[in-house]
Amino acid sequence: MSISSPLRWLLLPLLALPVASGNSAPAPARLPATTGSTPDTAPAQVAVPTPVNAAVVPAPRPEPAQAETWAGSAWPWQRESTFAELGRRQDVLLSGVRNTTTLEFQVRRDRLAREAELDLSFTPSPSLLPTLSHLRVYLNDAMMGVVPISNDQLGRPVQAKLPLDARLIADFNQVRLEFVGHYTDICEEPTHSSLWVNVSSNSTLRLGGQPLAMQDDLANFPLPFFDPRDTARLELPVIYGTAPTLAQQRAGAIMASYFGSLAGWWRQARFPVSFGALPDKGHAVVLAVNGKFPPVIANHAPVQGPVVELMALPDDPQRKLLLVLGRNDEDLQKAVAAMAAGNVLFRGKRVAIDQIKPLAPRKPYDAPNWVRTDRAVRLGELLDYPQQLHANGVAPQPITVNLNLPPDLFIWRNQGIPLNLRYRYTPPFGSDESRLGVAINDQFISSFPLVRRNGKQGLEEIRLPVLAGDAGADAGRLLIPSLKLGDRNQLRFDFNFASVMGSAQRDHCQTVLPPNLQAAIEEDSTIDFSGFHHYMGLPDLSAFALSGFPFTRMADLSETVVLVPAQTSEAQASLLLNLVGGLGVQTGYPAYGLRLSNDWKQASTLDADLLMLGALPDELRGSDQLSLLIDAQRTRLLNGQSPSPQQAMEQARRGSRQGDPAVTEVAVTADAPFAAIVGLQSPHHAQRSIVSLAASGAADYGLLDEALSDTGKRQAIAGSVAILRTSGIHSQFVGEHYYVGSLPWWLLLWYHLADHPALLAVLATVVVLMVAFLLWRTLRWVAAKRLGPDH
């Protein structure tokens, strides 16, 4: 039955509703292509319904008057993502043998895509044959269209818009681009250098559709407050009834660390705080106790214990509030801890917490996001997605594995890190130069020939080098100069297959189809960081900014105390949640053991690392280690020997065992946003550290928030002090190192004398003389005893 165009658009809301017999919905008719775009060549009969979860139904809305073109679209939900935002931060070069690239994107569970468009930006090789050369575009393995390359486009930037069938879009999706290139009609080599097209990272994927109203059911938690399908940074407002107490701030911090552990380091998370006010848009979390409910739930009945409840706003059912309530502060903390630890038991609109009891304490360095350092680790434990250890094609993409390590892992002059490597590959037809290359942090380690093994897999035992030396040393020990492991590392495996693809010689043409080459690293391959000591020189603010160290040494922050001002503001409360949420991002674990205090004298006596927000206590203002002091609008700074900001930054990153003594002291008074991050040793515990986030006003806290939530700005934080202004971040190292961790006495002595060769030579001479003297005395005693008393 055919439906006229006006009637079809009136019936769209009805066609999108889920049917009673399943969880799929019939899709609306295909939208026409945008004017000037390439026609869609997908078969008109294909109609794949978009999966709709039973927990979501389309929200009522008037249909747009004009939905035929993107420019006239009025869908309430729209999203634009460049290829760079989808993970391809650099342009993609497609060639004759590496002619495919795939981009993944996800759609939130509470969104229904109704319209999609791909805006491609690419530059083809000037040597291509027009019309014969083209790009094929697939969405979830269904062809969406072909982008031909015309004669006037060769060697020039090209813009091409291609509509995508929104009916195929589900939770997880893939857009695949395939390049078909030709430079001649006879004697063509697939590996010829003229076969290429450069796809810009500014190419854009556009989606449009409508939001879906989710049911008020905690069985879907953490939806809709966090959706793993949403790649954007997590923004989750938090509402307190009034200015929160210490216990209520601690509850909010545990909640933030839980959502931060879900968000991941590449997504990050922010938690803007308000005292009673409802944010203008989006979902929110309410933390309150009886008698201090915010106005948005002022009519809520008092609770009889710890409660977690999900409710929709009466005037906007699509917006949800997560109510974490209690009779008192103790109930509130219990409800938050249960939400983080036991939400798999949640269901319905409301759950009451009966009991939560910790069973076993955490151990140092056991953060889920860090590589284990107490045993060998299988590469299969480090995977970010399935098939990560597989590659295929004549020129396969590198296989990469991320290694997140504790910053204090002591690898100084170690003989290497054992890597037991197992791999499989399509055996070559004969002996050639096919090889497997291994690198870490883009530094080459070694390569192994890929030869025919009668079907047996490859097995190699190598050591990741951390000591300068010659490559290819004996006994499988491979040492590469200047190799340094950091807190985030990438292990890369490159399968390079050598093969004769064809011939383009005159009067001798032959066609050879490229083989389907496959390669894989076995998941039971292991890397072993056990046996390494933990020892590190501090202060090192880069370790704090990039991995949260030393606070993340315990994944639950059980050895961390946060010192907050006695008078809490919205900006300070938000910084606390963003900060602890960021630590949860690093560890992947909620901060169940976190302690808060507003009393310096009480906090300083605790055997814990201190994280301070706001002004410094009077006891620390006179410390010799303090390189920066902020007193209202007056600022005092100790400068080191580095004459330029670039040299100061290099010194801050490098540090030294001797430190950089202060040579000048400067004090200024100014009225403008200013904040700082200062690291120093605890005056009461030699193995404990203090990191101060110094700020006073809301604008100062904003600088700290922006710096700690921006990946690029965190890279600029280093040394013992980082100064934050609207113009950027200036870091420097002033003062002496102190050390945390432990080493055997002989390694400790060797490490600290390594920078003093003269002293080391004197010490060695003294030791040799002492040994010679003791040996001489021993020989005298043996001779005297042998000759007897008469001699």
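**Terms and the values behind them**

Mentor: Let us begin with a pocket. The largest share of the lining of the second largest pocket, 6 residues, comes from α4. This is a predicted model, in which local features need pLDDT of at least 70, side-chain atom pairs count only at pLDDT 80 or more, and totals for chains, interfaces and linings use all residues. Residues are numbered from 1 along each chain as its sequence is written, and side-chain values use heavy atoms, with hydrogens and water left out.

Trainee: What makes a space a pocket or a cavity?

Mentor: On a 1 Å grid over the protein atoms alone, a cavity is a set of points where a 1.4 Å probe fits but cannot get out, whereas a pocket is an open set with protein on both sides within 12 Å along at least five of seven lines; lining residues have an atom within 4 Å of a point. The second largest pocket holds about 610 Å³ of space. Its lining counts 26 residues, and Ala337, Ala341, Ile356, Lys357 and Pro358 are the closest to its centre.

Trainee: Which classes make up the lining of the second largest pocket?

Mentor: There are 16 nonpolar, 3 polar and 7 charged residues in that lining. Here Ala, Val, Leu, Ile, Met, Phe, Trp, Tyr, Cys and Pro count as nonpolar, Asp, Glu, Lys and Arg as charged, and the others, Gly among them, as polar.

Trainee: Why is α3 called roughly parallel to α4?

Mentor: The two helices pack at an angle of about 5°, with their axes 9 Å apart. Angles under 35 degrees count as roughly parallel, so α3 is roughly parallel to α4. Residues in contact (heavy atoms within 4.5 Å) include Ala247 and Tyr258 in α3, and Leu332 and Met339 in α4. By class, this contact has 10 nonpolar, 2 polar and 2 charged residues.

Trainee: What makes β22 and β26 edge strands?

Mentor: Strands pair if DSSP finds at least two bridges between them. The open, antiparallel sheet has the order β22-β28-β25-β26. β22 and β26 each have a single partner strand, so one side of each is left without a neighbour in the sheet.

Trainee: How do you know that β25 and β28 are paired?

Mentor: They are joined by 6 bridges and run antiparallel; the definition asks for at least two, so they pair. Within β28, Phe493 is the bridge partner of Val438.

Note on methods
Grid points are joined across faces, edges and corners, and a volume is the space filled by probe spheres set on the points. Helices (H or I, at least four residues) and strands (E, at least two) are DSSP runs, numbered from the N terminus. Axes are lines fitted to C-alpha atoms, for helices over the stretch in contact, and angles run from 0 to 180 degrees between N-to-C directions. Angles under 35 degrees count as roughly parallel, over 145 as roughly antiparallel, 65 to 115 as roughly perpendicular and the rest as oblique.
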